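Have the coordinates open alongside and follow along.

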Amino acid sequence: MNVLSRTLLFSVALVLAFSGVTYMLPQMEGPAPKQQVINVGELTMESFVALGKELYAGKGACALCHNELGRAPDMLAFNVTEVSLQRIADPRYEGSAVDAEGYLRESMLRPTEFVVAGFGTKGSNDSESPMPAIDKAPAQLSALEIDAIIAFLQEKDGEPISVPLPVATAETTAAAESLPPPAASQGPEEVLTRYGCAACHSILASEATLGPDLNDIAARQSAAEIRESIVNPAAVVGDGFIVMMPEFPDMTIAELEMIVAYLTAAADDQT
Amino acid sequence: MMMFAIPIRISLARHLGTLLATAALIGFVCFGFAATASAQPGDRGTLIVFADEQGAASTNAASLLPAPVLQRDDYPNIGVSSRSIVWVIAQMHLFFGALVLAVPIFVLVIEIIGFRTGDDRYDDMAHEFMKVSLTAYAITALFGGTLALALFLLYPQLMSYLTRAFGSQVLVYAGLFFLESMLLYIYYYGWNALRYGNRKWVHLTLGLLLNAVGTTLLVVANSWTTFMMAPSGVDPETGAIVGNIWEVMKGPLWNPLNLHRLIANVAFGGAVVGAYAAFKFLSATTPEEKAHYDWMGYSSNFIAILAFLPLPFAGYWLTAEIYAYSQQMGILAMGGILAWLFVIQAVLICTILLAANYYLWSGMARSEGSERYRWAIKYIATVLILGFLVWVTPHNVIYTAAEAVKLGGGNHPVLGPLGIMPAKNIAVFLMLICTFLSFQLYRRADKVIAVSWQNWGNALMASIYIVAILNIIFAGVYYGYFTNTVYKVGSSVIQVMSTLVVIVAGVLIDSLMFRGARTLHVSWGRVADRSQYALFALPITFTWLMALMGYVRSSVRTHWHVYTVVRDNSADNFIPTLQTVGNMVTLVTLLFLAFLLFIFWIANLSGTRQLPITVDADAAGARVGT
């Protein structure tokens, strides 16, 4: 083999080896947010809260910094309403909020109004927040979306939701950006199959034991608890199990309600 | 007295000429920017968005043309992914641009060394390096022109906006390109005509001017890139261009990227000409040829690694500035969907370090004196491999539910801590120190140190290594695992400083210890053929790495053409999977490799001369007679 062939072979093999490494890693796409029209008239408080949760992890990108890694206060780790009131009472606070809802909205729209000690921009002595205003680019959340996040934060702590449900007017829409909803499933069995519930749980024809048995779940949990367990798998963890159930950001409200209704009915059938 | 005065005057005159020429060039560039700034429409040259003037600026901005709001239909559909087309062409332009801008930098340094030492070998080598660069220059221009056409065809509105932002600066860029071309051709073709005496000063001045223009071209083009990542001089509400050209150019990421690309280009250029030398070495048929190209390959590797060692520090500055500009952008790159790419980066950088070290170890065979240090190789190799393993250990991986139960959670109980950044920082800094140690041993291999304090010198050097290694491990472990996350970044500063101290102290101590040292014979050309493949591995890995990290830098903009100002609504506005990225990077690397072989072939062809055709007189006469 001549020099050219040998060097070429070596070079191509090395390049392909590097390419092969990319095949060994998890494959994920990062879709861009797409325009979606939210029909305010169809919103319920539950779907409003679910929208807030989706925005918190998705378009709002709140969870990028507000997590357990300590770059910003982990909003899911404490009671946001209680802490908001503490912040308002802080002698350093110079904002205009008088209640938790006002404080949360203010901290999203004008993050520098009050910077939690230790979380300011480097070198600013906590006088400036690194967080961008949430109604400006890149997040560009609408007023409705900001309210939805507040509703989600209040609801996850079990606090009363103070933000009103957006008023439904004929064909009132708010241009919001979130993932487009996937095609809805036709029936509960299809929903359970689609989201792979039977891979871990005993349900339908499955006798899997990795997760709690769902055939008699209604005997142990209320409809609200079942709903919460699907939306937030870490909320209640059964004895002898660990949290490994994924979240289902693409699941529609209708699909969620189908599963809840099916599981509740399944228990009724057995009794 | 006169005998001393005359050379000094001549020398001053030479330097004065150099200075005047450089000043004239800088003046030309500054004039270009000033003229560009003053040629902006309206009064936008006077509008600067300082915080206290925000309101006024916004008011004025309202009367200016806002950034375009693009819809899917605004993008021409030619049936093939526009992003893929631009990706390939832009990357090829960047590869060749990096090569042609970097090679003259170290060629000038080599030429100066040759001039100072009077060793013609340096001059010949520098000239040969330029031959590779010259051939690549035309290809760079071709890809540059094609890229401009592709961008205007596929992203017309975006290009219209960018043209508004940068105005006639692009004409300054074109003017510089002409100047670069002229200087390049005079520099290369005038090499032998301006080889000795005073004429050499003229040639060196040309080289300096060539590099000044080349670097200016680089930083001008960088301003387009950094404007898209972190726009400045624009109204944040409307995207209208409210600043003058200087304010548009000097975004927060401009200088970090300038430094990073400049250093990376030199490393890349050194690696590519190293491959050229390796190719020639393997093809050589005489011992003289082998010796020449072995020495050329060694010099190239030296340049590449010397430039590569400070690269992580420049990268650190760039990343820190990205975080400072937008925490979201920084976290997306380092902790979000793009974070997996850094596992691939780890594989690539470790390949570079292993190849560079292997080449140095193989090269020790050139000198008998290397026997004294060979025992250290196995320990260095062990640290390099352990460092590699730590670097590629992921924090968590996708697993099945059953595996998760067995694991007892999301992270492996033992390997989990190795997956986070502090462990990887420890690994990479120790690998850098080991690479420097290999280099230091290589340099010592052909020398017998004669200074009386050599034991003290060695003890001092060993102490510096030990303290630096302990410092790196302690800072990484303490700040990484026992303090708040916000302090983790701070530990890197200690580690960077420890590594730099080793490198600087090593160079200083060695240069003092080498005084009066006896140099052993170095048999250039006496090196195994397989070592040359390390010289191929370097540019291939550099190329792959450049393409990959360029993709990461570009992708942190996510679905924005110009971050937060011009939204990307094209069909390609998503972050692709790692497989797609890997395929694209491999495609551009293979294309670059193909073009590179073409360049090597052309460079060879220019030195080939056909022998005169000899005609057999009898046969010719017979033909005439018939």
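**Conventions.** I am working with a predicted model, in which local features need pLDDT of at least 70, side-chain atom pairs count only at pLDDT 80 or more, and totals for chains, interfaces and linings use all residues. Residues are numbered from 1 along each chain as its sequence is written, and chains are lettered from A and ligands numbered from 1 in the order in which they are written.

**Chain B overall.** I looked up the secondary structure and found 21 helices and 4 strands in chain B; these are DSSP runs numbered from the N terminus, H or I of at least four residues for helices and E of at least two for strands. Of the 626 residues in chain B, 43% are buried, meaning 20 or more other C-beta atoms, placed from the backbone, within 10 Å of a residue's own.

**Cores.** Next I checked the nonpolar cores, sets of buried Ala, Val, Leu, Ile, Met, Phe, Trp, Tyr and Cys residues joined through C-beta atoms within 7 Å. The largest has 171 residues, and Leu99(B), Val103(B), Ala267(B), Phe268(B) and Leu538(B) touch the most other members. Helix α3 (residues 82-117) of chain B gives this core its largest share, 18 residues. A second, separate core holds 25 residues, including Phe48(A) and Ile150(A).

**Helix α9 of chain B.** How many residues of α9(B) are buried? I get 24 of its 30, so the helix is mostly covered.

**α3 against α9.** I fitted axes to C-alpha atoms over the stretch in contact, with angles from 0 to 180 degrees between N-to-C directions. The axes of α3(B) and α9(B) lie 8 Å apart at about 85°, so the pair is roughly perpendicular, a label for 65 to 115 degrees.

**Chain A meets chain B.** This contact takes 49 residues from chain B and 38 residues from chain A. On the chain B side, α20(B) gives the most, with 9 residues. That side divides into 31 nonpolar, 17 polar and 1 charged.

How values were computed:
Buried ≥ 20, exposed ≤ 12 C-beta atoms within 10 Å, placed from the backbone. Contact = placed C-beta atoms within 7 Å. Nonpolar A, V, L, I, M, F, W, Y, C, P; charged D, E, K, R; others polar. Parallel < 35°, antiparallel > 145°, perpendicular 65-115°, else oblique.
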